[in-house]
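The points after the display are grouped by topic.

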Amino acid sequence: MVKVEGGSVGGVLAMLPLLVIVGVLHDVAAVEATPSRCDFPAIYNFGDSNSDTGGISAAFYQMAAPDGETYFHRPAGRASDGRLIIDFIAEHLGLPHLSAYLDSLGTSYQHGANFATGGATIRRQNESCSISSRTDLHTSTALYAFDIGQNDLAAGFRNLSYAHVERLNETIPDIVNQFAESVQHLYDQGARTFWIHNTGPIGCLAITIQAVHDPMPGYLDKQGCVKDQNDMASEFNRQLKEKVGQLRRQLPEAALTYIDVYSAKYGLIGAAKEQGKETKKDFYETSIS
């Protein structure tokens, strides 16, 4: 179950029969319900590989297989074997799949744009693209979606030894504050409807688990994921949720919806065999198109 918390838009978007998190997201629970349907003329998305629909492929290098081919039957610039969550959101709203902003060939931005790129971060890391709120996003009726933050934590784990991992915890307030500044900037430019994903259990990523050999007792959690990394992701999400609450009070004309992606992914990983996967690793490496 995906937990959704937000303003008046929360109940509407909770009807989305989509949220396919790395493959399978089921129904959505909303704090507030409304009988009307969403009617967004455009989506502007900011994120990393979880919602990149071709940015990395257009600007840097071709995405590795399976590259969305199960659904699109061609390389599609996606770190998945099919569609991503943002694809399902667009489809449910009756909009075309978002064109990557970095892909200028044969693309249309009439119904929004996707600023997500694989490896993107909230803070500048000197190793990737970082989130940047555009000043030319002109419509107040569009949906502004965010799925970012995972790589800020991942970069911290790469740069810090296990013994100093707590130092990463000290950077989280600044990461969250910079995210809030981007939301504030978009609000100042006229944005009013925000759809915000928290970060997933990064300690369960296949690339993380593959690097684990003969772990010490307590290093892995009950699902076989790296506990410290998941604890850090949970702390990031706690602070992000708190910041979204502050933004609701600061931005009176905005509707901000917070999506608990972490709980959905972690629950599905724990039920990997029920989803037809032999191992948790198999589940996390694939998605349903």
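Strand β6 and strand β7 (residues 255–260) run parallel and are joined by five bridges. The model is predicted. Its chain holds eleven helices and seven strands, and 53% of its 289 residues are buried.

- Strand β6 covers residues 193–197, and five of the five are buried, so the strand is largely enclosed by the rest of the structure.
- Both faces of β6 are covered, with Thr 193, Trp 195 and His 197 buried on one side and Phe 194 and Ile 196 buried on the other.

**Helix α7**

- Helix α7 (residues 172–188) has 17 residues and reaches 24 Å from its first C-alpha to its last, close to the 24 Å expected at 1.5 Å a residue.
- Its buried residues include Ile 172, Val 176, Phe 179, Val 183 and Leu 186.
- Seen down the helix axis, the buried residues of α7 fall within an arc of 150 degrees, so they line one face of the helix.
- An α-helix has 3.6 residues a turn, so residues three or four places apart point the same way.
- The exposed residues Glu 181 and Asp 188 are carried on the face of α7 turned away from its buried side.

**Nonpolar cores**

- The largest nonpolar core has 42 residues, and Tyr 144, Phe 146 and Phe 194 have the most contacts inside it.
- Among the elements that give two or more residues to this core are β5, β6, β7, α7 and α9 (227–250).
- Helix α7 supplies the largest share of this core, eight residues.
- Beyond its neighbours within four places in sequence, Phe 194 is in contact with residues including Tyr 144, Phe 146, Val 183, Leu 186, Tyr 187 and Leu 256.
- Another core, of 16 residues, lies apart from the largest one and has Ile 43, Leu 93, Leu 95 and Leu 98 among its members.

**The chain as a whole**

- Of the contacts in the chain with a separation of 6 or more, 71% are between residues 24 or more positions apart.
- The chain exposes about 13,300 Å², and carbon and sulfur atoms supply 49% of that area.

How values were computed: Residues are numbered from 1 along each chain as its sequence is written. This is a predicted model: local features need pLDDT of at least 70, side-chain atom pairs count only at pLDDT 80 or more; totals for chains, interfaces and linings use all residues. Side-chain values use heavy atoms; hydrogens and water are left out. Helices (H or I, at least four residues) and strands (E, at least two) are DSSP runs, numbered from the N terminus. Buried means under 20% relative accessible area, exposed over 50%, partly exposed in between (1.4 Å probe, protein chains only). Contact means heavy atoms within 4.5 Å. Accessible areas come from the Shrake-Rupley method with a 1.4 Å probe; for residues, only the protein chains shown count as cover. The expected span of a helix is 1.5 Å times one less than its number of residues. The arc is that of the directions from the helix axis to the C-beta atoms. Two strands pair if DSSP finds at least two bridges between them. A nonpolar core is a set of buried Ala, Val, Leu, Ile, Met, Phe, Trp, Tyr and Cys residues joined through side-chain atoms within 4.5 Å.
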